[in-house]
Amino acid sequence: MWALTTAELATGPTACLVVDGALHPLVELAAAHGVALPDTVAAVFADWARCEPVLAKLAAGAADGRPASEATLLAPLRYPGKILCAGANYYDHMAEMGFPGITKESQRLFFFMKPPRNAIVGPGATVLMPRGTQAFDWEVELAAVIGRTARHVSVDEALSYIAGYTVAIDFSARDFNKAPEQFYKLDWVAGKANDTCCPIGPWIVPAAHFPHPQSARLRLSVNGELKQDGSADQMIFSIAEQVARASEIMTLDPGDLLLTGTPAGVGVPKQTFLKVGDRVDAEIEGIGKLSVTIAGEA
């Protein structure tokens with residue numbers, strides 16, 4: 001299996017191929033084999049149809065890379081085009097939020113957005129708790145990376161538009177999210193669009209090596225205590241349905257990121273929230289573990 005990430009190396013942020021836990025800078029590796037590859041992960045996804053087979057061939061012969069554990073990993077996709085997040089999309093999560101026994105027919109798939117440049121951070125990066133929040137919560141999510149332009153695609157063909165998958169955490173200021181005095185009741189921007197509140201990583205696994213995303217196992221722990229342990233088979237709307245619906249709303253471009261919802265185990269039902277200094281570990285089997293630490297905003 002191979003993956004893509006971005007690491008902080010001597011020359012700065014560097015797009016790397018990950019093979020068996022070792023890093024291989026893309027441009028150097030490609031040049032050594034007489035081929036050309038882009039110098040950023042975002043540019044790889046912009047040319048995914050050409051790059052994927054080249055990467056697969058390079059991965060098959062890669063050797064003597066630098067251990068990823070010895071490098072500083074950044075967000076694998078540092079600047080997604082758009083970040084779309086599916087809200088309230090797991091049956092078990094809806095149940096813990098006070099809505100047990102719902103049916104798919106009674107629900108409407110909806111999305112909110114996070115700002116790509118300010119929200120994205122990588123593994124080991126410090127997440128800044130927004131000033132004033134008293135209800136900072138966690139949500140582990142499977143994130144899909146779009147690999148080709150999608151507009152009005154069918155559910156049947158939707159997964160073919162996904163280039164790869166990674167681990168994401170949707171951090172939320174639950175108290176900022178509320179607007180009970182207003183007719184709209186919820187303020188998605190105030191509660192969800194905060195700086196550094198969309199960590200992704202540690203790398204992006206190509207869809208070809210993650211063939212069963214709808215049965216992915218997701219876990220999240222806080223300071224070593226397991227909080228979430230669920231499966232993507234609890235999604236109300238499948239990943240394919242999300243891609244199809246999102247493509248009806250707007251054009252999806254290569255490098256866009258889609259967060260697909262979270263299973264049960266978030267903090268708000270028990271009124272248990274994060275504090276400065278907490279460590280959050282999110283893991284999806286078949287991809288890897290993403291770990292971040294919570295700090296206070298200056």
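Which residues line the largest cavity? The model examined here is predicted. In this model, the largest cavity is lined by Lys82, Leu84, Ile146, Ala246, Leu252, Asp256, Leu257 and Leu258. The space inside the largest cavity is about 40 Å³. The count of cavities of 30 Å³ or more comes to one. By class, six of the lining residues are nonpolar and two are charged. The lining of this cavity has no polar residues. Rolling a probe the size of a water molecule over the atoms shows where empty space is left.

The largest pocket holds about 450 Å³ of space. A total of 26 residues line the largest pocket. Closest to its centre are Ala88, His93, Met97, Arg174 and Trp188. Three helices each supply at least two residues of this lining: α4 (91–96), α7 (174–177) and α8 (188–192).

Arg174 was followed in more detail. Among the residues closest to the centre of the largest pocket, Arg174 has its place in helix α7. Is Arg174 buried or exposed? Its relative accessibility is 11%. The cut-off for a buried residue is under 20%, so Arg174 counts as buried. The side chain of Arg174 also makes a polar contact with the side chain of Asp137. The length of this contact is 2.8 Å.

The second largest pocket has a volume of about 190 Å³. Its lining consists of Leu73, Leu74, Ala75, Arg78, Tyr79, Pro116, Arg117, Ile120, Val121, Gly122, Pro123 and Ala125. Two elements give two or more residues to this lining, namely α5 (116–119) and β8 (120–121). Nine residues of the lining are nonpolar, one is polar and two are charged.

Leu73 leads from this pocket to the strands. Leu73 lines the second largest pocket and, in strand β5, is the bridge partner of Ala7. Strand β5 (residues 72–73) is joined to strand β1 by two bridges. These two strands run antiparallel. Strand β1 covers residues 2–9. Seven of the eight residues in β1 are buried, and the strand is thus mostly covered.

Strand β1 also pairs with strand β2 (residues 12–19). Eight bridges join β1 and β2, and the two run antiparallel. Thr5 stands opposite Cys16 of β2. How many residues lie between β1 and β2 in their hairpin? Two residues lie between them.

The nonpolar interior was then considered. In soluble globular proteins, nonpolar side chains tend to be buried together. The largest nonpolar core of the model has 61 residues. Within this core, Leu142, Phe171, Leu274 and Val280 touch the most other members. Helix α9 (residues 239–249) gives the most to the core, with five residues.

Key: Residues are numbered from 1 along each chain as its sequence is written. This is a predicted model: local features need pLDDT of at least 70, side-chain atom pairs count only at pLDDT 80 or more; totals for chains, interfaces and linings use all residues. Side-chain values use heavy atoms; hydrogens and water are left out. Buried means under 20% relative accessible area, exposed over 50%, partly exposed in between (1.4 Å probe, protein chains only). Helices (H or I, at least four residues) and strands (E, at least two) are DSSP runs, numbered from the N terminus. Two strands pair if DSSP finds at least two bridges between them. On a 1 Å grid over the protein atoms alone, a cavity is a set of points where a 1.4 Å probe fits but cannot get out, and a pocket is an open set with protein on both sides within 12 Å along at least five of seven lines; lining residues have an atom within 4 Å of a point. Grid points are joined across faces, edges and corners, and a volume is the space filled by probe spheres set on the points. Ala, Val, Leu, Ile, Met, Phe, Trp, Tyr, Cys and Pro count as nonpolar, Asp, Glu, Lys and Arg as charged, and the others, Gly among them, as polar. A nonpolar core is a set of buried Ala, Val, Leu, Ile, Met, Phe, Trp, Tyr and Cys residues joined through side-chain atoms within 4.5 Å. A polar contact is a pair of N or O atoms within 3.5 Å; within protein, one must be able to donate a hydrogen and the other to accept it, and residues adjacent in sequence count only if both atoms are side-chain atoms.
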